[in-house]
Amino acid sequence: MFDDRSPIYRQIADRIKADVLSETLKGDEQVMSTNQYAAFYRINPATAAKAFQQLVDEGVLYKKRGIGMFVSPDARESLRAARRESFFAEVVDPMVAEAKAIGIPLGEVVGRINELGSR
Amino acid sequence: MRVEVRDLVLRYGETTALDGITLSLGEHKIYGLLGRNGSGKTSLLSVLAGFRRESEGVVRVDGAPVFEHAPVTSRISLIRDAGETTDIGTVEDALFFAEWLRRDWDGEFADQLLERFALTRKMTVKTMSKGQRSALGVIIGLAGRAPLTMFDESYLGMDAPSRQAFYDVLLADYMARPRTIIMSSHLIEEVSPLFEQVVIIDAGRVVVHEEAQALLSRGTAVTGAAAPVDAFTAGLTVLGSRQLGATKSAMVYGVLDDARRREAAAAGLELGPIAMQDLFVHLTGGPR
């Protein structure tokens with residue numbers, strides 16, 4: 001389930017963020033417990049807890065003492081803002097580099113973007 | 001249970017199996033004990049279980065000595081590989097002795113596990129397959145619920161579905177009843193996600209003792225054209241490298257901060273994680 005070559009907690013965090021972005025997990029919704037995550041992914045619960053702590057630090061989740069972890073109400077919006085910020089560097093720039101490397105004129109790329117945008 | 005080991009030496013006649021081990025293990029964590037064949041893993045676990053007496057040094061479990069100290073050893077369980085229970089009669093007999101020895105034994109849990117691993121109390125141990133004997137060992141280890149439970153390559157002969165069942169039950173029961181667990185295994189990629197901390201020993205000494213995830217984050221594979229890879233890795237601890245034509249991949253040990261990561265990206269280098277098994281191979285001296 002995981003690429004076992006990268007720290008598991010980062011991957012759990014990425015998955016929860018993806019669920020928040022896609023609204024599979026909604027604001028103020030409770031997320032599964034560390035132990036449920038640990039059992040599901042067959043990982044040490046301390047590793048799962050680290051992923052959750054990272055998400056609390058980033059403001060994606062918040063803790064309710066004695067109850068569990070919940071999605072921050074503004075988590076989706078702040079994740080979207082962060083993704084928008086890195087969109088050009090992480091998505092557009094590599095695409096342009098790839099187009100140049102394989103010889104696709106940028107005009108064709110822009111044409112395609114306009115075509116998709118007008119659908 | 002807490003484990004404190006200081007300057008532990010174990011000799012068998014002329015042979016030094018443990019050569020000055022100092023180790024401190026906390027309560028309620030799962031530890032991975034990794035080492036090559038003959039590195040001293042089994043010797044260390046045998047001393048911790050009170051099966052062998054240390055030649056030198058100090059061994060304390062919850063502050064008390066272990067060897068010939070029943071109040072402590074009744075709360076410690078070491079499950080060795082499949083041959084262990086061969087001479088005992090039936091599964092029933094094996095469970096009887098386990099219950100007799102273990103203060104925290106849970107018979108109902110043992111019965112659930114027998115069913116899960118498709119064993120019955122009437123089976124004769126001698127006629128069981130290696131995998132079934134390993135499963136019996138695992139059942140005794142889990143149902144013993146010992147505050148210090150150690151599995152020394154207890155998976156030998158178990159097929160993949162049985163090993164997965166073992167890991168699932170171990171995790172679930174550990175989360176329900178936290179205890180100190182030490183697992184030694186050569187199936188590193190398979191078991192390492194279960195570990196909170198990893199201890200690597202080599203030639204009777206501790207080489208690494210670290211949080212498992214921290215250890216993983218210390219290893220980085222740097223890949224790209226040979227010259228920039230060499231320039232980037234100069235001055236870093238390089239565990240090993242491989243080359244394919246003009247492309248070189250070097251395994252670096254040590255945390256790379258964001259500045260170094262940006263530097264790598266600017267030089268057109270790819271940074272990737274290293275598997276626990278690869279780190280292990282390189283930290284214990286590569287193939288011999």
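In chain A, 55% of the contacts with a separation of 6 or more are between residues 24 or more positions apart; two residues are in contact if their C-beta atoms, placed from the backbone, lie within 7 Å. This is a predicted model, in which local features need pLDDT of at least 70 and side-chain atom pairs count only at pLDDT 80 or more, while totals for chains, interfaces and linings use all residues. Residues are numbered from 1 along each chain as its sequence is written, and chains are lettered from A and ligands numbered from 1 in the order in which they are written.

Let us stay with chain A for a moment. You will find five helices and two strands there, in the order α-α-α-β-β-α-α along the sequence. Helices (H or I, at least four residues) and strands (E, at least two) are DSSP runs, numbered from the N terminus. Chain A has a radius of gyration of 19 Å, well over the 14 Å that the globule rule gives for 119 residues, so it is more spread out than a compact globule. That radius is taken over C-alpha atoms, and the rule is 2.2 Å times the number of residues to the power 0.38. Of the 119 residues in chain A, 19% are buried, where buried means that 20 or more other C-beta atoms lie within 10 Å of the residue's own, with C-beta atoms placed from the backbone.

Now look at where the chains meet. The contact takes 16 residues from chain A and 18 residues from chain B. On the side of chain A that touches chain B, helix 3 of chain A gives the largest share, four residues. By class, that side of chain A has eight nonpolar, four polar and four charged residues. Here Ala, Val, Leu, Ile, Met, Phe, Trp, Tyr, Cys and Pro count as nonpolar, Asp, Glu, Lys and Arg as charged, and the others, Gly among them, as polar.

Of its 91 residues, A:I12, B:Y31, B:L48, B:I139 and B:M150 touch the most other members. Helix 5 (residues 130–143) of chain B brings the largest share of this core, seven residues. Leaving aside neighbours within four places in sequence, the contacts of B:M150 include B:L45, B:L48 and B:I182.

Finally, chain B is assigned domain 1 (3–203) and domain 2 (215–283), with bounds from an automatic or database domain assignment. The C-alpha centres of these two domains of chain B lie 36 Å apart.

Terms used: A residue is buried if 20 or more other C-beta atoms lie within 10 Å of its own, exposed if 12 or fewer, and partly exposed in between; C-beta atoms are placed from the backbone. A nonpolar core is a set of buried Ala, Val, Leu, Ile, Met, Phe, Trp, Tyr and Cys residues joined through C-beta atoms within 7 Å.
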